[in-house]
Amino acid sequence: MERRRDRRRIATGTRWRGPLAAACLVAGVVGPLVAGATGPMDVRAQGGALFRGELPLKGRIATHTSDLPTAVIRCANCHPVDGGGTIRGSLAPRLDGRSLTELASRRGGPPARYDAASFCRLLRTGIDPNRIVNNMEMPRYDLSEPQCEALWAFLIGDVHG
Amino acid sequence: MCTVDRSAPPRVDHDGDNLLSRRRFLRTGAVAAAASAAVGLLAPRTGSAAPPVRVNDHGGPVYPRIEVPNLAMGCSDETSTGLQELLRGHVTAVQLVWVGCSTTCPIQGAIFEMTQQLLGARVGSDIRLLSISINPLEDSVADLHSWLARFHAGAGWLAARPAVEDLDVLQSAFGNTRDPLTSHSTQVQIVDRTARLVWRTNELPSPESIADVLLAAAGPR
């Protein structure tokens, strides 16, 4: 009987340990990154703050050995988002749920679409879903998984939110 | 700030200077000559005018060295001078930007800021950095000044703008083959003490690579 109770305790502990660890990871990694004076932001708000450079971003030009300041590599410097105006002199595409997730030809390649994984790969390596390398003006970002997921959630929010 | 500092000792530039050995220069020259010939053959000809020869538009040594056009420049300190006068006496890294640009220009500014940090006291003594606006219609003297302040420019980093009518000449001299009013190269142009273009970097070069080329072109202190 005692042994059975122990087993149940162990099983319960095991059942909770995974989600608890994930929650701690999110709270521990994302929380401190995005907690402002008004408390923690939700994931989409975190993505928006990263997009606008209100939260620190690590990134550099592919040929460089040093990171550049957040203010000069924030996504909003080049990419308009859904509902926003155009950006003078920018050739970078507008980013929203439709433009990212619809099947479309990008950089002259065959039709492709982004998902969360391929979006993160592009941000980190410059390689798009068709394995075409992005232009060098776009920095390569050193993003954590929660940061990447937050950016993705922010950009596709209008479609799936 | 555009006032030319003549305290730097004059130097004589030789073809076999520190930037490239004589042998490399000759080898590069042969390649450049072949490339020039290819450009000449491929370029469309209009009338009897020979097409302009471009060398190393994609980065690398410029041989023979090209004299920078002596365009009138307005500077961030409200003085005016010729571009050659602005460049003579120092080895200079030149970038093309416009102050209202939010895309590549801030990255270019940050790259020059990091280059300035790497070079320390050499910037302002025998080496200079120069940001030239390609949008003189919008970039005022105050804007040039704010550009420099934004990236913590020291005394050896200048900003200037050409006259609108000289834009295409300026852009052509510095490797832009597209519309001079809406686009610009993000390469850095290295100009020697005699106002001749000696090197073009790749697009958005690293601060370390700019510093290395500037130091090689300037020689030891």
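Q: Which residues does B:Val141 touch, not counting residues up to four places away in sequence?

A: Two residues are in contact if their C-beta atoms, placed from the backbone, lie within 7 Å. In this predicted model, where local features need pLDDT of at least 70, side-chain atom pairs count only at pLDDT 80 or more, and totals for chains, interfaces and linings use all residues, B:Val141 touches B:Gly74, B:Ser76 and B:Glu78, once residues up to four places away in sequence are left out. Residues are numbered from 1 along each chain as its sequence is written, while chains are lettered from A and ligands numbered from 1 in the order in which they are written. B:Val141 and B:Glu78 are 63 residues apart in sequence, yet their C-alpha atoms are 6.5 Å apart in space.

Q: Where does B:Val141 lie in chain B, and how many other C-beta atoms are within 10 Å?

A: Helices (H or I, at least four residues) and strands (E, at least two) are DSSP runs, numbered from the N terminus, and B:Val141 lies in helix H4 of chain B, residues 141-150. A residue is buried if 20 or more other C-beta atoms lie within 10 Å of its own, exposed if 12 or fewer, and partly exposed in between, with C-beta atoms placed from the backbone; B:Val141 has 16 such atoms and is therefore partly exposed.

Q: At what angle do helices H3 and H6 of chain B pack?

A: Two packed helices are described by the angle between their axes and the distance between the axes. Axes are lines fitted to C-alpha atoms, for helices over the stretch in contact, and angles run from 0 to 180 degrees between N-to-C directions. Helix H3 (residues 105-119) and helix H6 (residues 207-218) of chain B pack at about 50°, with their axes 8 Å apart. H3(B) and H6(B) are therefore oblique to each other, since angles under 35 degrees count as roughly parallel, over 145 as roughly antiparallel, 65 to 115 as roughly perpendicular and the rest as oblique. Among the residues making this contact are B:Ile111 and B:Met114 of H3(B), and B:Ile210 and B:Leu214 of H6(B).

Q: How many residues does the contact take from chain B and from chain A?

A: The contact takes 16 residues from chain B and 18 residues from chain A. On the side of chain B that touches chain A, H3 and H6 each supply at least two residues, and the largest share, 4 residues, comes from H3(B).
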